Amino acid sequence: MSVETIFLNAPDFPRQADVRIVLRFGARFAAHASEWDRELDGALSRSCALPACTCASGEIVDILLPPPPPNQVRERRAVVLNLGNPAEMTALSLMQAGAKLARFLESVKESRVTLLHDWKETCAVARHELSGRLLLGLQLGNYRFALMGKQDKAHAIEIFVSGEEWDVDSASRFTSLAEGVCLARDLVNYPASHLHPDNFADYLAPLAAAGVAIEELQEEQLKQLGMGALLAVGGGSARKPRLLLLRYCGKNAPEQPLALVGKGICFDAGGLCIKTTRQMFPMRGDMAGAAAVAGTLLALARQQANVHVVGILAIAENLPSATSYKPGDIIESASGRTIEVYDTDCEGRMVLCDALHYAATRCNPSAIIDLATLTYSVMQGLGPVFAGLFASDDKLAQTLLAAGERTGERFWRLPLDSAYDEGLRSPVADLRQHAKTDDGDAPYAAAFLKHFAESVPWAHLDIAGKELLEEDAPLARAGASGFGVLLLEEWLNGQ
């Protein structure tokens, strides 16, 4: 990443930093900023009293300071970052304020800055979370994809944070979380010419370096496991499918793991039920579920979180060829259940069914969460605000929804009802892959997947439409969002 953070244990400032950032809480400064304002004869408070200042969270007031008196050293620029009403402060509002700060520093081409940290007793978040969330937002807002042109490289920022004794674990958590989100973004941003089943595991080198165990199951091993669904989807590509197994176990973590399963279709042309060009163009992002799982494991390992997590990534390409699976085929899955294929473009539920069965029967998880860019219908039903959540367990659903609200990765719970099973009945197989109607496909897909979680508490996160942004958003530039990592890391750290 292009943001280097140096924590200082006292309000001491590097002489080379020409910019000092101070925090404002609504219409007031806290202790450290007030002290500096007095040293500047009220320059900060006078500037913030201008009619244009709204005191809203994320508002920035840029102040060019006069030259210092002789024999004194002082920054040439003061930047006031307003965090809004401290009683209404949230983790999300802090991250968004940090992202706005990153874009401001880039716009004025400032690279070496000091953040004078402050806090008020009335703040709705803890002291160390305030600084951590701000810096997380700064790192996420500063992200640029490495393959972009030179003019689009991330703006390098060296930020010195000063004003209190630092909780090293807290600081490490948010830096690690930024790493995880940025890895997920990178994976989704890579085109299929660069990222594909043959080399997906190579891109997970940062996880291995952080202590995550990685195992790759290739075609022959998948055959031995009976993973006919995953093999069928990947059969049309010259690059054969893989199952990637990731495991992180923190010190004193529970013996029984939590399982994260990610759909990893590196490119989805739809198979023989081929997509239109317009539908196909963003399909490099059809592995965003797998990317989110990988990013989450990296974040947990880097911060040495006290959790036990297994990640299972179902990696394939869904391409049309003479060896592609076909509508009407009957496929035997790893669970032994047979599946009647209706639409080869419903490949996500195929690869997930084998991965879910593997997680449930071989990993002994206490719960399973899968993430997938699965259905267009969830996008049509929920629009751009929410992703879809289906769950077999109410407590699991409630804790995931709460984590999503805290981090801004919001989900809406959708029905997982036995009535949807009726649409999956087949006269020739145990299950039909797609319902007999084209309406409301998302709950039918979830009903299909439920069978393969094998009664383990399970949640399915349909994140279709959240993987790629057409324009800048509060925490991400246009391109890959890394959606899912913030949610999963928050949820797992709460377990």
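A crossing of two helices counts as right-handed if the near helix is turned clockwise from the far one by less than a right angle, and as left-handed if the turn is anticlockwise. By that convention, α10 passes α15 in a right-handed crossing in this predicted model. Helix α10 covers residues 288-302 and helix α15 covers residues 485-493. Two packed helices are described by the angle between their axes and the distance between the axes. Here the axes come within 9 Å and cross at roughly 45 degrees, and α10 and α15 are therefore oblique to each other.

As for who touches whom, α10 brings A292, G295, T296, A299 and L300 to the contact, while α15 brings V485, L488, E489, L492 and N493. Sorted by class, that makes six nonpolar, three polar and one charged residues. An α-helix has 3.6 residues a turn, so residues three or four places apart point the same way.

Helix α15 itself is mostly covered, with eight of its nine residues buried. The buried set is V485, L486, L487, L488, E489, E490, W491 and L492, so two glutamates, E489 and E490, sit under the 20% relative accessible area that marks a residue as buried.

Then there is the nonpolar interior. In soluble globular proteins, nonpolar side chains tend to be buried together. The largest nonpolar core in this model has 69 residues, and F200, L207, L297, L313 and I369 are the ones with the most contacts inside it. Helix α10 supplies the largest share of this core, at 11 residues. Looking at F200 up close, and skipping residues up to four places away in sequence, its contacts are L195, L244, C266, M287, A290, L313 and I315.

L222 gives another look at a covered site. This leucine is found in helix α7, residues 219-224, and is buried, with a relative accessible area of 0%. Neighbours within four places in sequence aside, L222 is in contact with L217, M227, L230, L231, P241, R242 and L243.

N142 is in the loop between α4 (127-141) and β7 (157-162), yet at 2% relative accessibility N142 counts as buried. Its contacts beyond four places in sequence are S2, V3, A102, A154, H155, I157 and R477.

Most residues other than glycine have a negative phi. Against that background, Q304 has a positive phi, near 55 degrees, and N364 likewise has a positive value, near 50 degrees. Q304 is in the loop between α10 and β11 (308-318), and is exposed, with a relative accessible area of 65%. N364 belongs to the loop between α11 (347-362) and β14 (368-372); this residue is exposed too, at 52%.

Conventions:
Residues are numbered from 1 along each chain as its sequence is written. This is a predicted model: local features need pLDDT of at least 70, side-chain atom pairs count only at pLDDT 80 or more; totals for chains, interfaces and linings use all residues. Side-chain values use heavy atoms; hydrogens and water are left out. Axes are lines fitted to C-alpha atoms, for helices over the stretch in contact, and angles run from 0 to 180 degrees between N-to-C directions. Helices (H or I, at least four residues) and strands (E, at least two) are DSSP runs, numbered from the N terminus. Angles under 35 degrees count as roughly parallel, over 145 as roughly antiparallel, 65 to 115 as roughly perpendicular and the rest as oblique. Contact means heavy atoms within 4.5 Å. Ala, Val, Leu, Ile, Met, Phe, Trp, Tyr, Cys and Pro count as nonpolar, Asp, Glu, Lys and Arg as charged, and the others, Gly among them, as polar. A nonpolar core is a set of buried Ala, Val, Leu, Ile, Met, Phe, Trp, Tyr and Cys residues joined through side-chain atoms within 4.5 Å. Buried means under 20% relative accessible area, exposed over 50%, partly exposed in between (1.4 Å probe, protein chains only).
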